[in-house]
Amino acid sequence: MAANPCPLQEQVLLGAVGAFDWSGGMLFYNVSSRKGRFLNQTSVDVKAVQYSYLGYSVAVLHKACGLSYVAGAPRHKQQGAVFELQQESTETNFVPVLEGEQMGSYFGSELCPVDVDMDGTTDLLLVAAPFYHVQGEEGRVYVYHVNKQDGSFSLVRTLSGHPRLTYARFGFAMATVGDISQDELIDVAIGAPLEDFGADDGVGFGSVYIYNGHSTNQLVDLSTNQPQRIRASVVAPGLQYFGTSVAGGLDFSGDGLVDIAVGALGQAAVLRSRPVVRLKLSMTFTPKALPIGFYNSVNVNLCFEISYVSPAAESGLKETSLNFTLDVDVVKQRKRLQCSDERLCQSSLREWGAGPRLCEPFLLVPTGGQLPYEKACKNKLFCVAELQLATTLSQ
């Protein structure tokens, strides 16, 4: 049985998987009146919905037109489906809106609505098919975009775990876990509890993947970059089925950062978020432009500026060191300038002091010979190429 509280309605949405010969159904229970209303699909098509497991997962979506109730039926027509509560004429019933593509994949066993930009409207609906198989039971998660205008669903992409691990059951558990990356976008955790199963190394098995929210040109999504993969072996020795369940968004450690709870066989692990800092780099040159025939040194002021959101990040800067390398004319075959002291430019290690800004001066000197500028230019300060093409046609 799955459950999900319905906001603003004083109702609890309960899934009843075993009702009507495992066709399943949904129970809307009003907390105030202590009355419930049961809905299922048996009255529509008894044979099609038998053993559908409707209500195996439930979720509430915040659409522009109002609340939307969805439920997963992972055995519907042997391929799985997602049903949405819709009103047709005078009747209200669950209608299939998304269907799985592979038999036995358990499409719809987990549902995860995501409000990426935290504006109160659901942007994405993640639907898991943890038994999706190519060579074994790799698992797959389908990412659907929720249309702002009509609330319809459109497939954006699919997510999967490590490509070389065939029995992972990626998507067995999913949850939004708050803003881990501290960029004002919601992040998502996806469990793959059978990854590394059978390795016989005794260090445990299972993984959790962290996908960060992403926003470009007012379009919100999950980042397509490689997600963070947290293996059971790096958390604690002997953890089994790590990633069976995930939850997050709460600050367990009291440091102002959201943490993640991950379930395993007989145990649970709490993963703390780390403070995030953003580094801005700037360089100024004196002189700003090099005239023709210039053969002197150039002063460079290299500055690093850090911005942070949480107090934990600010306190951690006192013990931070910055290691950087300065190079000139990287893409050119022959360098025009070089550091006056190469040791200072190669792997410079600086300790971060007080304040968010760290600046270092450098001196660049010519490498020898003339700087590669053209001669015979009309403008004696800056050379602008003036090309002319003359053609003749033979008779």
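Is Glu 137 buried, partly exposed or exposed, and what is its relative accessibility? Glu 137 counts as partly exposed, at 25% relative accessibility. Keep in mind throughout that this is a predicted model.

## The chain as a whole

The chain has 395 residues, and 42% of them count as buried. Its secondary structure comprises five helices and 29 strands.

If we take the contacts between residues at least 6 apart in sequence, 52% of them join residues at least 24 apart.

## Salt bridges between strands

Side chains of opposite charge can pair when their charged atoms come close. In the whole structure, a search finds eleven salt bridges. One of them brings us back to our opening residue: the side chains of Glu 137 and Arg 169 meet at 2.8 Å, N to O. Because Arg 169 lies in strand E13 (residues 167-170) and Glu 137 in strand E11 (residues 137-146), this pair ties together parts that are 32 residues apart in sequence. Arg 169 is partly exposed, with a relative accessible area of 24%.

Another salt bridge links Glu 305 with Arg 357, and here the closest N and O atoms are 3.3 Å apart. Glu 305 belongs to strand E25 (residues 298-308) and Arg 357 to strand E29, so the pair ties together parts 52 residues apart in sequence. Glu 305 counts as partly exposed at 35% relative accessibility, and Arg 357 is partly exposed with a relative accessible area of 46%.

## A charged network

Now to a group with shared partners. Within it, Asp 196 forms a salt bridge with Arg 231, with the closest N and O atoms 3.1 Å apart. Asp 196 sits in the loop between strand E15 (188-192) and strand E16 (204-211), while Arg 231 is in strand E19 (residues 228-231), so this pair ties together parts that are 35 residues apart in sequence.

## A three-stranded sheet

Next comes an open sheet of three strands, in the order E21-E22-E23 and with antiparallel pairing. Strand E21 (245-250) and strand E23 (267-271) stand at the edges; each has a single partner strand, so one side of each is left without a neighbour in the sheet. On average, neighbouring strands of this sheet are turned by 20° against each other, direction ignored.

The antiparallel pairing of E21 with strand E22 (residues 259-264) runs over five bridges. For Leu 250, the bridge partner in E22 is Asp 259.

## A surface patch and a buried glutamate

On the surface, Phe 197, Tyr 241 and Leu 265 form a nonpolar patch, and together they have about 300 Å² of accessible area. Tyr 241 is located in strand E20 (residues 239-242) and is partly exposed, with a relative accessible area of 31%.

Found in strand E29 (residues 357-366), Glu 360 is buried, with a relative accessible area of 17%. Leaving aside neighbours within four places in sequence, Glu 360 is in contact with Val 300, Asn 301, Leu 302, Phe 324 and Arg 350.

How values were computed: Residues numbered from 1 in each chain as written. Predicted model: local features only at pLDDT ≥ 70, side-chain atom pairs only at ≥ 80, totals over all residues. Heavy atoms only, no water. Patch = residues over 30% accessible without salt bridge, like charges linked within 9 Å, V, L, I, M, F, W, Y side chains within 5 Å. Areas by Shrake-Rupley, 256 points an atom, 1.4 Å probe, with all protein chains shown as cover. Salt bridge = Lys/Arg side-chain N within 4 Å of Asp/Glu carboxyl O. Helix = DSSP H or I, 4+ residues; strand = E, 2+ residues; numbered from the N terminus. Buried < 20%, exposed > 50% of the residue type's maximum accessible area, 1.4 Å probe, protein only. Pairing = 2+ DSSP bridges. Axes fitted to C-alpha atoms, helices over the stretch in contact; angles between N-to-C directions. Contact = heavy atoms within 4.5 Å.
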